[in-house]
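Have a look at the model first, then read on.

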Amino acid sequence: MGSPSPADQVSRRAQALAGHLRGLHTSMEPSLSPSPCLQYSPPELASPPSDFNLSDMRKLMDGHNLQDRDWLFGLMIQSKLFNPRVAGGRVFVSPDYNQSMEQQREMTMKRIHYLLDCGVFQEWLTGRGPEVEMRKFALHEVIGMYDHSLAVKLGVHYFLWGGAIQFFGTKRHHDKWLRDSENYVIKGCFAMTELGHGSNVRGIETVTTYDSKTGEFVINSPCESAQKYWIGGAANHATHTIVFSQLNINGKSEGVHAFIAQIRDTDGNICPNVRVADCGHKIGLNGVDNGRIWFDNVRIPRENLLNSVADVSPDGQYLSAIKDPDQRFAAFLAPLTSGRVTIATSAVYSSKMSLAIAIRYSLTRRAFSITPNQPEVLLLDYPSHQRRLLPLLAKTYAMSFAANYLKMIYVKRTPESNKTIHVVSSAFKAILTWHNMRTLQECREACGGQGLKTENRIGQMKGEYDVQSTFEGDNNVLMQQVSKALLAEYIAVQKRNRPFKGLGLEHMNKSCPVVPSQLTSSTLRSSQFQTDIFCLRERDLLIRFAAEMSQLQAQGLSREYALLQSYQLAEDLGRAFSDRAILQTFLDAEAAVSSGPLKSMLSLLRSMHVLIILEEDASFLRYGYLSPDNAAGIRKEVTILCSELRPHALALVSSFGIPDAFLSPIAFNWIDANSWSSVQPQQGATVPLQI
C-alpha cells in the first residue's frame with residue numbers, strides 16, 4: 001500500500017482527537033461526585049497473628065534486664081524533660097532538634113540530672129560484678145534509643161573517664177574519684193584524641209615530665225597538632241579529664257600513660273594554664289559539648305598518674321612490672337574496649353528503631369494498583385520493598401545476638417580473655433556500626449519523603465550515628481587489627497606446631513570443608529552448609545594472607561610495609577572472621593531454644609542473614625567458594641525467603657520491645673498525625689505528665 005495522503009492524515013487525527021475528547025468528557029463526570037479518601041489501616045490488619053511468642057523473642061533479643069529497661073522507658077516517657085508531643089492521638093518522645101546547639105547541650109545536662117535523681121546511675125562506678133555491669137549496659141542502651149547525644153555524654157563520663165580510673169587506677173584513685181564521679185559531682189572527660197593523631201594513639205604529641213623537686217607532673221601541649229580534640233564534655237561542663245600523654249622521665253620516653261588533670265573549678269572557671277575551645281556545630285550529636293584542650297605546663301600531683309600499669313617514685317624512678325613497651329601500651333587501651341562494646345550495642349538498637357518505623361509504615365502505606373479498580377498495593381507487598389528491608393531485619397537479629405555475646409564475654413573478662421575481647425570487640429564494633437548506617441539509609445529511603453522529617457526520627461538518626469564509624473577506632477583500622485591478630489595466631493600455631501585454640505579458629509584443626517557443587521534449597525538453609533562456607537572462607541583467606549605476607553617479606557619488604565600492600569586480603573579476612581563469629585552467636589542463641597515456632601522463625605532469619613551475605617559479598621565469587629550458577633540460585637532463594645518472612649514482619653519488629661512513644665508518627669496513624677486539626681492548637685488538650 002502507498003503512504004496515506006496529507007488529507008487522510010488530517011482526517012484520522014481529527015477523528016482520534018474527537019474520540020479522545022468524548023472519552024475525557026465521560027471520565028470527568030464522576031469527579032463531580034465525592035470520591036472516597038484514603039483511610040489509615042493498622043498494620044495488624046495486613047499481618048496474620050504471630051505463631052511465635054513475642055515476649056519470648058524479646059527476652060532472647062534483649063538478653064537481660066528487661067524490667068530495668070521498661071522501668072527506664074517509663075521514667076523518660078513520663079517526664080516533660082523528654083519533650084513529649086502528641087501526634088495522631090499518641091504521645092511521642094524525642095529530642096527537639098530545632099533547638100540551637102547551646103539549648104540541646106543544656107537539655108542534655110538537665111536530663112542527666114533527672115536520671116541521676118531517679119537512681120539510674122546507681123552503682124555504675126562503685127558497683128562490682130557482671131550483674132551490675134549488665135544493668136549498666138541495659139540502661140545505657142535505653143538512653144541511646146531516646147537520644148544518642150545523651151548516651152554519648154554519659155558514655156564518656158561513666159565508661160571512659162570512670163572506666164579509666166577503674167582500670168588504670170589503684171585503690172587511692174578509686175577511693176578519691178569514683179563515688180563523686182558516680183554522683184556527677186565530678187564531671188569527667190577523656191582526652192586521648194589530638195588534632196594530629198586519632199587512631200594512632202602511640203603517636204600523640206602531648207608530653208608529660210616529672211619534677212622531682214616538687215613531686216609533680218608537668219603536662220604540656222608542645223605544638224598545635226598536640227591539642228586534644230573532639231573531647232566530649234570538655235567545651236562546657238567537664239571539671240576533670242584523663243589526659244593521655246607521652247611520659248618523659250630523665251630524658252627517656254616511656255610511652256603513653258594516663259593522668260588525671262583538673263580543667264575547671266567548682267564554679268565552672270577554666271583552670272590556670274589550661275585553654276579550652278569549642279569544636280563547634282556538627283552533623284549530629286550537638287547535645288554533646290565536644291571541645292579542644294591545650295595544656296601550658298599544667299602541674300598535677302604525682303598521685304594523679306593512674307598507676308596500675310606503671311608508676312613513678314617520689315625521686316623520679318620509673319617503675320613497671322610490664323617491661324615490654326608493646327604490652328604496656330596494650331594495657332593502656334583497655335577502656336576503649338568498653339567503649340566499643342557500648343557503641344556496637346547502641347548501633348543494634350538504632351537499627352531496630354529504624355526498621356520498626358519503616359516496616360510499620362510499609363504495612364500501612366500503599367502505592368499504585370496492579371489491576372484496574374483495585375486498592376493500591378501495600379509497600380511491603382512489593383517484592384522489591386521486601387528485599388530492601390527484610391534482609392536487613394534478619395541481619396539485625398544476628399547483630400543483636402552478637403552484641404549480647406560481646407557484652408557477656410566483656411563482663412566475664414579475665415586476663416587470659418583480654419586478647420579475644422579486643423579482637424571480637426574491634427570486629428563487632430566495625431560490622432555492627434556499618435550495618436546500622438546502611439540500615440538507616442535504606443529505611444530513610446523506604447519511607448520516602450516522610451523519612452526526611454525529623455519527627456520521624458530515621459533521617460535525623462543518620463547524622464546522630466554517623467560518628468560511630470570512626471570514633472573509638474576507625475572501622476577500617478579496627479578490621480586491619482583483627483586481621484593482624486589472626487595472622488599472629490596463625491604464625492604462632494605454625495611455629496610451635498600446635499593446634500588452634502581461641503578466637504573461634506578451632507575449626508581450622510579439622511579437615512577443610514567442601515561445598516557441594518549443587519546447592520538445593522534445603523542445603524542452603526542448613527546450618528551445616530552455612531557454617532562450612534563461612535569457615536571455608538575464613539580458613540582460605542587466612543592462609544592466603546599469611547602466604548602473601550611471607551612472600552612480600554621474602555622479597556625484602558618490612559612486615560609493616562607488607563601489611564600495607566596486603567590490605568585487600570586483610571579487609572576480606574576481617575569480614576570473614578566477623579561473619580563467622582556472628583553466625584556462631586546466632587547458632588548458640590538458636591540452640592538454647594526448644595523446638596517450636598520460635599525456633600523455626602530463628603532458623604528462617606538465620607538463613608536469610610547468611611544467604612544475603614553470600615549474595616552481597618563478592619569474595620565468595622572472587623575466591624571461588626561459589627560458582628556463578630550457585631550464586632544465581634542463592635539470589636533466587638533470598639527472594640523466596642523474603643516472601644516467607646513477609647507475614648511475620650510486624651511480629652518481628654514488635655518483638656524488639658520498643659515502646660510506641662519511642663517510635664514516630666509514621667509508624668502509626670500517619671494520616672491523623674498530618675491532618676489539618678493537628679496543625680491547630682488543641683484547646684484543653686493535655687498529656688498526663690510528671691517532672
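## Helix 6 against helix 7

Helix 6 makes a left-handed crossing as it passes helix 7; left-handed here means the near helix is turned anticlockwise from the far one by less than a right angle, with clockwise being right-handed. Before going further: this is a predicted model, where local features need pLDDT of at least 70 and side-chain atom pairs count only at pLDDT 80 or more, while totals for chains, interfaces and linings use all residues. Residues are numbered from 1 along each chain as its sequence is written, and side-chain values use heavy atoms, leaving out hydrogens and water.

Helices (H or I, at least four residues) and strands (E, at least two) are DSSP runs numbered from the N terminus. Axes are lines fitted to C-alpha atoms, for helices over the stretch in contact, with angles from 0 to 180 degrees between N-to-C directions.

On the helix 6 side, the contact residues include His157, Tyr158 and Trp161, and among their partners in helix 7 are His173, His174 and Trp177. Contact means heavy atoms within 4.5 Å. Sorted by class, this contact has five nonpolar, six polar and one charged residues (Ala, Val, Leu, Ile, Met, Phe, Trp, Tyr, Cys and Pro are nonpolar; Asp, Glu, Lys and Arg charged; the others, Gly among them, polar).

## The annotated binding site

Which residues does the UniProt "binding site" annotation cover? The unreviewed entry lists Thr193 and Gly232; positions follow the numbering used here, feature names are shortened, and annotations may be inferred rather than shown by experiment. They span 40 residues in sequence, but no two of their C-alpha atoms are more than 10.5 Å apart, so they gather at one spot.

Thr193 sits in the loop between strand 3 (188-191) and strand 4 (207-211).

According to the unreviewed UniProt entry, residues 189-298 are the "Acyl-CoA oxidase/dehydrogenase middle" domain. That span is 0% helix and 46% strand, with its end C-alpha atoms 17 Å apart.

The record also puts an "Acyl-CoA oxidase C-terminal" domain at residues 531-663. Here the chain is 78% helix and 0% strand, and the end C-alpha atoms lie 36 Å apart.

## Helix 17 and its partners

Helix 11 (residues 418-446) packs on helix 17 (residues 567-591) at about 90°, with the axes 10 Å apart. That makes helix 11 roughly perpendicular to helix 17.

Helix 15 (residues 527-554) comes within 9 Å of helix 17, axis to axis, and crosses at roughly 150°. So helix 15 is roughly antiparallel to helix 17, and the crossing is left-handed. This contact has 12 nonpolar, three polar and eight charged residues.

Definitions and conventions
Parallel < 35°, antiparallel > 145°, perpendicular 65-115°, else oblique.
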